[in-house]
Amino acid sequence: QVQLEESGGGSVQAGGSLRLSCAASGSIHIINAMAWYRQAPGKQRELVAVVTPDGRIDYGESVKGRFTISRDNAKNTVFLEMNSLKPVDTAVYYCHSKIQTKSGRLSDYWGQGTQVTVSS
């Protein structure tokens, strides 16, 4: 059993900042890339940022230069630092990773989602 638990969402005014965290726990053997996705009302889920175990990073075009993803491999945790937030960043943010458990099974795992609301 593996869980991804997110924290750090909330409401902020445009131009403000928020920091999201996502911790993986359970019967973990290997954690592959860890990523943040978001889904706004009426829209498809989109990739925000992804970081591999060796530190390679990629961002969605709309957040480049404003958001920073990082991970702490020792704590099985990924972070998303969001600066210069805009109302269009309003969405539910989800943590994702493909994790191999100690039993050898490789599966996709998602967090429960955390709401980020940016007001103008």
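This briefing describes the sheet, the core, the disulfide and the salt bridges of one structure. The model is predicted. It holds one disulfide and seven salt bridges, and four of its strands form an open antiparallel sheet in the order β1-β3-β8-β7. The largest nonpolar core has 29 residues.

**The four-stranded sheet**

- The sheet runs in the order β1-β3-β8-β7 with antiparallel pairing, and its edge strands, β1 (2-7) and β7 (67-72), each pair on one side only.
- From one strand to the next, the twist of this sheet averages 15 degrees.
- Six bridges join β1 and β3 in the antiparallel sense; in this pairing Ser7 has Ser21 of β3 as its bridge partner, while Gln3 stands opposite Ser25, also in β3.
- Strands of a sheet pair through backbone hydrogen bonds, either parallel or antiparallel.
- Strand β1 has a covered face made up of Val2, Leu4 and Glu6, and an uncovered face made up of Gln3, Glu5 and Ser7.

**The nonpolar core**

- Of the 29 residues in the largest nonpolar core, Trp36, Leu80, Met82 and Tyr93 touch the most other members.
- The elements that give two or more residues to this core are β1, β3, β4 (28-39), β5 (46-51), β7, β8 (77-82), β9 and β11 (114-119).
- In soluble globular proteins, nonpolar side chains tend to be buried together.
- Leaving aside residues up to four places away in sequence, Tyr93 touches a set of residues that includes Trp36, Leu80 and Met82, and also Glu6, Leu20, Val48, Phe67 and Val116.
- The contacts of Tyr93 also include Arg38, a residue that is buried at a relative accessible area of 5% and that takes part in a salt bridge with Glu46.

**The disulfide**

- The disulfide is formed by Cys22 and Cys95, whose sulfur atoms lie 2.1 Å apart, and it links distant parts of the chain, with Cys22 in strand β3 (residues 18-26) and Cys95 in strand β9 (residues 91-101), 73 residues apart.
- The link of Cys22 and Cys95 is left-handed, with -80 degrees about the S-S bond.
- Cys22 counts as buried because its relative accessible area is 0%, and Cys95 is likewise buried, with a relative accessible area of 0%.

**Salt bridges**

- Glu46 and Arg38 meet through their side chains in a salt bridge of 2.6 Å, N to O; Glu46 is partly exposed at 34% relative accessibility, whereas Arg38 is buried at 5%.
- Arg56 and Asp54 form a salt bridge of 3.3 Å, N to O; Arg56 is exposed, with a relative accessible area of 57%, and Asp54 counts as exposed at 56%.
- Lys98 and Asp108 meet in a salt bridge of 3.0 Å, N to O, and this pair links distant parts of the chain, with Lys98 in strand β9 and Asp108 in strand β10 (residues 106-110), ten residues apart.
- Lys98 is partly exposed, with a relative accessible area of 33%, and Asp108 counts as partly exposed at 43% relative accessibility.
- Salt bridges that share partners join Arg38, Glu46, Arg66 and Asp89 into one network.

Technical notes:
Residues numbered from 1 in each chain as written. Predicted model: local features only at pLDDT ≥ 70, side-chain atom pairs only at ≥ 80, totals over all residues. Heavy atoms only, no water. Disulfide = S-S within 2.5 Å. Buried < 20%, exposed > 50% of the residue type's maximum accessible area, 1.4 Å probe, protein only. Pairing = 2+ DSSP bridges. Axes fitted to C-alpha atoms, helices over the stretch in contact; angles between N-to-C directions. Core = buried A, V, L, I, M, F, W, Y, C linked by side-chain atoms within 4.5 Å. Contact = heavy atoms within 4.5 Å. Salt bridge = Lys/Arg side-chain N within 4 Å of Asp/Glu carboxyl O.
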